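This report describes selected features of one protein model. Please look over the sequence and the structure before reading on.

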Amino acid sequence: MAATPPKPSAAPRRKASRHRGEGQWAVGHFTPLNGNEQFKKDDDGLNVRTRIETIYSKTGFDSIDPNDLRGRMRWWGLYTQRKPGIDGGKTAILEPEELDDEYFMLRVRIDGGRLTTEQLRVIGEISQEFARGTADITDRQNVQYHWIRIEDVPEIWNRLEAVGLSTTEACGDTPRVILGSPVAGIAADEIIDGTPALEEIHRRIIGNKEFSNLPRKFKSAISGSPLLDVAHEINDVAFVGVNHPEHGPGFDVWVGGGLSTNPKIGQRLGAWVPLDEVPDVYEGVISIFRDYGYRRLRTRARLKFLLADWGVEKFRQVLEDEYLKRKLIDGPAPAQPVERWRDHVGVHRQKDGRFYVGFAPRVGRVDGTTLTKIAELAEAHGSGRLRTTVEQKMIVLDVEESKVESLVEGLEALDLTVKPSPFRRGTMACTGIEFCKLAIVETKARGASLIDELERRIPDFDEPITININGCPNACARIQVADIGLKGQLVLNDQGEQVEGFQVHLGGALGLEAGFGRKVRGLKVTSDELPDYVERVLKRFQEEREDGERFATWAARASEESLS
């Protein structure tokens, strides 16, 4: 007996719809699938500069189109900053216009961290005149201002560009600043100088409308230092100096790194690239991201998600077959770094016999007056070049041996120590609730006070230790790869009150043993309890560690009781 087909009412019928995929351009999905993709299609973010210069700077904050204000202006380094007085509990529930202050954060793009003393002086002068003295050094080698008025932006651009600086694509769904070794071209132990490749990438890509509409931000790094000093593991693409047994010095290629709420360690393509081919490979990787990157959901719009779905083998094949039109040479992985610190702090001999001097501000927080004084101090000691680092530090280059001691004394007088404690050297903090609309807790002042407390409480602690403090889950301060990573959130204190505090990550690391920190179940500390907690866990590390054991290794094997 034949089966009786079900009646139409036996099961609900689904409405037919056209599959729109993930918004990948390379497979024909060009229709914008969210508001961000729509405003980018409506007008390239780079075009907003003309409106800023000719309209908004003359008619004021209230005249700015919302899609420019919270979208396209990021293509020129501008974010609205947080309105004062809004506590962290309201971060996720208020509308953007309720969080917006009528002032901006402005990010100065500093590729490779490379600065002249003239450029640093101008950065300092702009800070004093237009930014209420603010000028934070970031962990991506940039400088960030706050309190910027839209009326002043054209003049700020004029002054920056007069000395060869810019804010072009410092934010937005763009190729962000290219990280570079801060001692490129000068370090005695350098494998290869990546500066020519960095400069060619900048010339080809930055401000080029072929690459100004990416699915989301694109982060990159180039370093030929054996210290692996640009956090290559957490960039979308990174080029790491290696020696090929047949072809000599070149670069190992990494792709798909990134943190935020879905952290991924980058993966090696297994390819060796000579210096003059680095820009081509960079262009190929960013083109894959532009063409195949996911544009439907912002939470899946980074390169790391495409790589996770494709795998390294397919990614390399697409790069070679569709973009480079040739095969890449297989190559070796980078060697294990011999130094635990990768920030270049201290006094070091250059390959030309002169010295570079690295120093540590507190959690990247400086001010315009201090930056101007640093420029003057460097010039007074015969230097015309400085560098910022990915650890929120700064370096003076090209100092004659006879002038090193005097320079160190001058820096110390500015509270910029060349011989910092492990706590000052290893503590980083993001912008935090003071200015950031995404933040839940305060970070900069908290980090500075934590340094002071730990120096007082554990003066004999002499192990390298990284303590990274973030105001929200987005990991701008790289919490997952710190020895002690602190993710800002609201927690309950002993009285049952909701207060600022942190979820704790322990034992993260960068380097060839890169990995993410361990989260102990239920381990959260209030901001007030933070010094007590960090002191306690570091003293347990001192008591329980084996000979030569790193904190991250100990944290991976320690009991939950020891980590609580």
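Ser127 lies in helix α5, which spans residues 117-130. The model that shows this is a predicted one. Ser127 has a relative accessibility of 0%, so the residue counts as buried, the cut-off for buried being under 20%.

Leaving aside residues up to four places away in sequence, Ser127 touches Arg132, Gly133, Thr134, Ala135 and Tyr145, and also Asp367 and Gly368.

## Helices α5 and α11

Two packed helices are described by the angle between their axes and the distance between the axes. For α5 and helix α11 (residues 368-380), the axes come within 7 Å and cross at roughly 160°. Angles over 145 degrees count as roughly antiparallel, and α5 is therefore roughly antiparallel to α11. The crossing of these two helices, α5 and α11, is left-handed.

On the α5 side, the contact is made by Thr117, Glu118, Leu120, Arg121, Ile123, Gly124, Glu125, Ser127 and Gln128. On the α11 side, the contact residues are Gly368, Thr369, Leu371, Thr372, Ile374, Ala375, Glu376, Ala378 and Glu379. Sorted by class, the contact of α5 with α11 has 6 nonpolar, 7 polar and 5 charged residues.

## The nonpolar cores

In soluble globular proteins, nonpolar side chains tend to be buried together. In this model the largest nonpolar core has 54 residues. Those with the most contacts inside that core are Ile52, Met73, Phe104, Ile123, Tyr145 and Ile148. Ile123, which also takes part in the contact of α5 with α11, touches Ile110, Leu115, Val143, Tyr145, Leu160, Leu165 and Leu371, not counting residues up to four places away in sequence. Tyr145 is also one of the residues that Ser127 touches.

## Helices α14 and α15

Helix α14 covers residues 444-457 and helix α15 covers residues 530-544. The two helices pack at an angle of about 45°, and their axes are 10 Å apart. Because of that angle, α14 is oblique to α15. The crossing of α14 and α15 is right-handed.

From α14, the residues Arg446, Leu450, Glu453, Leu454 and Arg457 take part. They meet Leu530, Pro531, Asp532, Val534, Glu535 and Lys539 in α15. The residues of the contact of α14 with α15 comprise 5 nonpolar and 6 charged, with no polar ones.

Definitions and conventions. Residues numbered from 1 in each chain as written. Predicted model: local features only at pLDDT ≥ 70, side-chain atom pairs only at ≥ 80, totals over all residues. Heavy atoms only, no water. Core = buried A, V, L, I, M, F, W, Y, C linked by side-chain atoms within 4.5 Å. Buried < 20%, exposed > 50% of the residue type's maximum accessible area, 1.4 Å probe, protein only. Contact = heavy atoms within 4.5 Å. Axes fitted to C-alpha atoms, helices over the stretch in contact; angles between N-to-C directions. Helix = DSSP H or I, 4+ residues; strand = E, 2+ residues; numbered from the N terminus. Parallel < 35°, antiparallel > 145°, perpendicular 65-115°, else oblique. Left-handed = near helix turned anticlockwise from the far one by under 90°. Nonpolar A, V, L, I, M, F, W, Y, C, P; charged D, E, K, R; others polar.
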